[in-house]
Amino acid sequence: MSGQHIGYIRVSTAEQNTARQLDGVTLDKVFEDHASGKDIVRPQLTACLQYVREGDTLHLHSIDRLARSLIDLQRTVDELVGRGVTVVFHKENLSFAAGSLDNGEAGTQRLMLQMMGAFAEFERNLIKDRQREGVALAKAAGKYRGRQRVLSTAQFEEIKDRLREGETVTALAREFNVCRHTIHKYLHAEGWSRKAERAKTILGMAKKE
């Protein structure tokens, strides 16, 4: 059965470049997430997994683009292959089609998938351990100041004021030289939204009356 060629791309932050992933691969549709690979709960990955159908081929640059947990990796690949979707990891040169994971001749590929997934999970845990050690050493030396804010308090207050006046996040992000995700992250951390602001205004007016 001939199906579509679907690409899934993931980068950790909005600033990272996706151009190198799946470069040269002809695709009918691409799903792209700007999110950590610590779990598989990602908007575009969810949409991608719901979109692919029997006969389709899902292309990924590497195993760690799909999952860094061995359990998540195996479960997702098994589920896709069970639905008749072929999964291709280009960096590792691994391909899994319907029936391939049950085929005795494909035992080496399954072992490679498990090994690569285990290495990706181990690498992630190692990085986290190193980060914790580095923070602990910096704190002990009195040099740790925590993560620096991208926007100053004054800038953030100005952004909120201008959002109240009807300006868009896109325009403000461009002016303050940050990505839209950064502004949304600040707003979310403070629990700020236009809807909440309107509710406050209405409540304030009702109290005055």
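Strand β1 (residues 5–11) and strand β3 run parallel and are joined by four bridges, two strands being taken as paired if DSSP finds at least two bridges between them. The model is a predicted one, in which local features need pLDDT of at least 70 and side-chain atom pairs count only at pLDDT 80 or more, whereas totals for chains, interfaces and linings use all residues. Residues are numbered from 1 along each chain as its sequence is written, and side-chain values use heavy atoms, with hydrogens and water left out.

The protein chain contains eight helices and five strands, where helices (H or I, at least four residues) and strands (E, at least two) are DSSP runs numbered from the N terminus. From the N terminus on, the order of these elements is β-β-α-β-α-α-β-β-α-α-α-α-α. Of the 209 residues in the protein chain, 34% are buried; buried denotes under 20% relative accessible area, exposed over 50%, and partly exposed the range in between (1.4 Å probe, protein chains only). The accessible surface of the protein chain is about 13400 Å², and carbon and sulfur atoms contribute 51% of this area. Accessible areas come from the Shrake-Rupley method with a 1.4 Å probe, and for residues only the protein chains shown count as cover. Among contacts in the protein chain with a separation of 6 or more, 58% are between residues 24 or more positions apart, a contact being defined by heavy atoms within 4.5 Å.

Strand β3 (residues 57–60) is covered on both faces. In a regular strand the side chains alternate between the two faces of the sheet. In β3, Thr57 and His59 lie on one side and Leu58 and Leu60 on the other, and all are buried.

Strand β5 (residues 94–96) pairs with β4 in the antiparallel sense over three bridges, and leucine 94 of β5 stands opposite phenylalanine 89. Four residues lie between the strands of this hairpin, in which asparagine 93 adopts a positive phi near 60 degrees.

Side chains of opposite charge can pair when their charged atoms come close. The structure holds eight salt bridges, each defined by a side-chain nitrogen of Lys or Arg within 4 Å of a carboxyl oxygen of Asp or Glu. One of them links arginine 83 to glutamate 79, with the closest N and O atoms 3.0 Å apart. Arginine 83 is partly exposed at 29% relative accessibility, and glutamate 79 is partly exposed at 37%.

Helix α5 (residues 153–164) includes lysine 160 and glutamate 157, which are three residues apart and therefore separated by about one helical turn. These two residues form a salt bridge whose closest N and O atoms are 3.1 Å apart. Lysine 160 is buried, with a relative accessible area of 4%, whereas glutamate 157 is partly exposed, at 33%. In the same helix α5, glutamate 158 and arginine 162 are four residues apart, again about one helical turn, and their side chains meet in a salt bridge (3.0 Å, N to O). Glutamate 158 is partly exposed, at 35% relative accessible area, and arginine 162 is buried, at 15%. A network of salt bridges links Glu158, Arg162, Glu167 and Glu175.
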